[in-house]
Amino acid sequence: MISLILSLCSLLPATSAFDLGQSTRCVAIPAEMNTCRDVGYTEMRLPNFLGHSSLEAEVIPKSQEWVPLLQTGCHPHARTFLCSLLAPVCLDTFIQPCRSLCVAVKERCAPVLACQGHAWPEDLDCDRFPAQEDMCLSPVSKEAEFFYKVLPRPTCQDCPEVEEPFAHKRVLEAFCQNNFAVKVKVHRRRIPADELEFEIEGRVEFISQGHLLPYDTRNLLQQWLFVNEACAQRLTRGGRTLVYVLAGDVHNGVVAVNRIFPWYRRDTQLSVAVRKWKHHKC
């Protein structure tokens with residue numbers, strides 16, 4: 001697991017949302033603030049670095065607004081970055097995120113926010129945060145950041161049509177045109193605050209592995225659902241667990257789903273296609 005370090009060289013410049021000269025107090029991170037639970041400390045400063053002074057009226061509601069983005073797994077340090085602003089650790093010195101951490105998170109998460117219909121907030125303008133050599137919160141190494149960049153990630157895309165009815169020859173054609181095909185169970189369940197949570201139930205069954213292995217395919221496809229919420233809504237109509245075959249590509253580290261077929265027990269076409277695929281030549 002990548003740890004975090006503090007670069008201790010000089011005092012932090014203030015952001016437009018927070019005056020380092022103002023009086024602050026330490027309070028316990030509230031139990032309702034699930035976003036910033038288990039971050040390695042239990043007390044936070046108020047006002048925080050976004051200028052919020054009320055837990056109930058500002059901090060907790062604002063933290064809940066970030067849940068859909070964090071569910072996408074857009075960056076492994078996204079939660080650390082956001083919590084360092086929403087619930088900054090209560091120490092003798094003010095510790096903000098480094099500019100480099102902001103840039104790294106924004107690079108991966110801003111496109112996901114755009115996919116969800118939101119722009120990157122002005123309060124999170126990376127130029128407002130201290131440079132790497134200042135006293136700030138930063139990833140340990142550039143090598144670790146490079147590692148995260150090369151991991152496959154889901155892309156924001158138009159949802160493919162769910163194809164039905166279909167013949168097994170069309171399914172085989174789809175398998176030939178894409179470099180992976182998987183059988184998955186997609187489920188939607190309610191979580192606190194009436195947020196919808198989409199999940200891939202159980203294990204992913206590979207029809208064609210392509211470039212997905214050895215990565216965590218189940219988690220990757222679940223992130224694809226969170227990134228493409230409109231598509232997830234379509235695939236989980238009625239709140240029931242539904243089974244699909246997803247065919248897609250992994251290209252330049254980006255995962256896209258291009259074809260979607262529903263798997264019905266009464267329909268034999270997919271079963272025939274999967275059986276024939278083992279010996280099929282494209």
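Modeller: Helices (H or I, at least four residues) and strands (E, at least two) are DSSP runs, numbered from the N terminus. The model under discussion is predicted, so local features need pLDDT of at least 70 and side-chain atom pairs pLDDT 80 or more, while totals for chains, interfaces and linings use all residues. Residues are numbered from 1 along each chain as its sequence is written, and side-chain values use heavy atoms, leaving out hydrogens and water.

Biologist: Why is L246 called buried?

Modeller: Buried means under 20% relative accessible area, exposed over 50%, and partly exposed in between (1.4 Å probe, protein chains only). L246 has a relative accessibility of 3%, and therefore counts as buried. Buried residues make up 48% of the 282 residues in the protein chain.

Biologist: Which residues does L246 touch?

Modeller: A contact requires heavy atoms within 4.5 Å. Residues up to four places away in sequence being left aside, L246 touches F180, A181, V182, V184, V257, R259 and I260. L246 itself is part of strand 9 (residues 242-251). Across the protein chain, 72% of the contacts with a separation of 6 or more are between residues 24 or more positions apart.

Biologist: Why do D38 and N252 count as exposed?

Modeller: D38 reaches 72% relative accessibility and therefore counts as exposed; N252, at 68%, also counts as exposed. Each has a further feature. D38 has a positive phi of about 60° although it is not a glycine, and its place is the loop between strand 2 and strand 3. N252, also a residue other than glycine, has a positive phi near 55°, and N252 lies in the loop between strand 9 and strand 10 (254-262).

Biologist: How do you know that C26 and C90 form a disulfide?

Modeller: A disulfide is counted for a pair of cysteine sulfur atoms within 2.5 Å. The sulfur atoms of C26 and C90 are 1.5 Å apart, so the pair qualifies. With -40° about the S-S bond, this link is left-handed. C26 lies in strand 2 (residues 25-28) and C90 in the loop between helix 3 (78-86) and strand 4 (96-97), so the link ties together parts that are 64 residues apart in sequence. C26 is partly exposed, with a relative accessible area of 42%, whereas C90, with 17%, is buried.

Biologist: How many disulfides does a search of the whole structure find?

Modeller: The search finds eight. Among them is the disulfide joining C36 to C83, with an S to S distance of 2.1 Å.

Biologist: Is the disulfide of C36 and C83 left-handed or right-handed, and why?

Modeller: The torsion about its S-S bond is about -95°, so the disulfide of C36 and C83 is left-handed. It links C36, in the loop between strand 2 and strand 3 (43-46), to C83 in helix 3, 47 residues apart. Both C36 and C83 are buried.

Biologist: Why is the disulfide of C74 and C109 given its handedness?

Modeller: The torsion about the S-S bond of C74 and C109 is about 90°, so this disulfide is right-handed. The pair connects C74, in the loop between helix 2 and helix 3, with C109 in helix 4 (residues 99-115), 35 residues apart. The sulfur atoms are 2.0 Å apart, and both C74 and C109 are buried.

Biologist: What is the make-up by class of the lining of the second largest pocket?

Modeller: Ala, Val, Leu, Ile, Met, Phe, Trp, Tyr, Cys and Pro count as nonpolar, Asp, Glu, Lys and Arg as charged, and the others, Gly among them, as polar. By that division the lining of the second largest pocket has nine nonpolar, three polar and four charged residues. Helix 1 (55-65) and helix 2 (67-71) each supply at least two residues of this lining.
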